[in-house]
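Biologist: Please take a close look at a single part of this model, and start from one residue and its surroundings. I would like the cut-offs spelled out as you go.

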Amino acid sequence: MVNFASFGEVLIDFISKDYVKGLKNATSFDKFLGGSPSNIAVNIAKQGFKSAVISRVGRDPFGDFILEQLNNYNVDVRGISQDERFHTDIVYVLKSKSSPEFYPLRSASLNLDIDDTYFDIVKKANIFHFSSWALSSDKNLKNTLKLLKVAKKNNVLIGFDPNYREILWKTSLEIGDVLKLVMPYVNFIKPSLDDCEHIFKESKNEEEYINVFHELGVKNVLLTLGEKGFIFSDGKTITHFDSYAKEVIDTTGAGDAFWSGLYIGMIIGLDVIKAARLGNAFSAEKLKYVGAICDIKNYKELLREYL
């Protein structure tokens with residue numbers, strides 16, 4: 001049994017060494033383990049909980065690096081297949097103190113696969129997490145729906161990161177139609193304002209975005225606002241929380257850190273509000289470092305410090 005299982009992209013982030021104007025002007029990069037599902041799994045494993053990732057990488061040096069890194073972090077990799085037909089995904093990221101520009105080179109993450117082992121991982125988890133990358137090809141969407149049905153049937157809490165970008169989308173259905181398919185399974189959704197603008201392609205106020213997600217069937221919506229904190233809504237009450245961040249070096253992985261704290265809060269039995277505040281604390285700690293994976297303080301220490 002694992003506390004947390006995720007389905008989606010596992011990849012290499014090449015993050016620019018310097019703050020420059022646009023990726024086209026970046027000349028040197030540092031290599032990091034990346035991908036939202038793996039970032040969250042690593043964060044949770046580093047806090048002493050059991051996590052697993054279901055994904056696909058290439059049988060290449062980058063795939064080898066990813067598996068080695070995840071093993072070093074004690075993440076269960078039984079659900080990661082390595083396939084010579086596809087190359088490991090690479091994303092070039094602009095080091096940024098706001099929403100980072102990125103450019104993806106995708107292959108393996110467009111061809112996520114599942115077998116009986118993966119169903120077993122999901123149905124024995126406390127929490128199942130997936131991202132819009134896991135919906136971004138027809139094959140991925142079909143497999144995600146299978147895993148969601150297994151999770152729902154086994155009373156697993158389900159979280160969805162709607163990190164939709166048109167550049168990633170290869171699915172024959174529009175994002176709005178896909179959301180209608182998956183939202184009835186979801187317990188938690190955490191969009192950013194950037195996510196909302198890309199999904200809906202029009203500017204709405206914060207409450208309007210939140211209401212749309214509730215109308216699609218999600219009970220708990222956490223809308224993150226960058227430096228302005230986040231808004232939590234359970235469909236009855238809307239509450240705004242300020243950011244805990246005091247220092248911002250790099251925003252890469254800040255949303256994944258938030259997810260990590262939120263999920264740990266749920267695993268240890270906190271109510272949703274306190275779990276979300278723990279997520280806020282995790283995000284504030286991550287912002288002090290470059291790259292999505294960093295040495296975040298132990299969650300017990302963060303509970304004492306921030307909550």
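Modeller: At 41% relative accessibility, I167 counts as partly exposed, a class that lies between buried (under 20% relative accessible area) and exposed (over 50%), with a 1.4 Å probe and protein chains only. This is a predicted model, in which local features need pLDDT of at least 70 and side-chain atom pairs count only at pLDDT 80 or more, while totals for chains, interfaces and linings use all residues. Residues are numbered from 1 along each chain as its sequence is written, and side-chain values use heavy atoms, with hydrogens and water left out.

I167 sits in the loop that runs between β9 (157–161) and α5 (175–182), where helices (H or I, at least four residues) and strands (E, at least two) are DSSP runs numbered from the N terminus. Together with Y103 and L105, I167 makes a nonpolar surface patch of about 270 Å². Patches take residues with over 30% relative accessible area and no salt bridge, joining like charges within 9 Å and nonpolar side chains (Val, Leu, Ile, Met, Phe, Trp, Tyr) within 5 Å, and the areas come from the Shrake-Rupley method with a 1.4 Å probe, for residues with only the protein chains shown counting as cover.

Turning to charged pairs, a salt bridge requires a side-chain nitrogen of Lys or Arg within 4 Å of a carboxyl oxygen of Asp or Glu, and by this rule the count comes to 14. One of them joins R56 to D83, with the closest N and O atoms 3.7 Å apart; this pair links distant parts of the chain, since R56 belongs to strand β4 (residues 51–58) and D83 to strand β5 (residues 76–83), 27 residues apart. R56 is buried at 6% relative accessibility, and D83 is likewise buried, at 9%. D83 also meets R85 in a salt bridge of 2.7 Å, N to O, although R85, at 58%, counts as exposed.

Another pair is E202 with K204, whose closest N and O atoms are 3.7 Å apart; E202 is partly exposed at 44%, and K204 is partly exposed at 27%.
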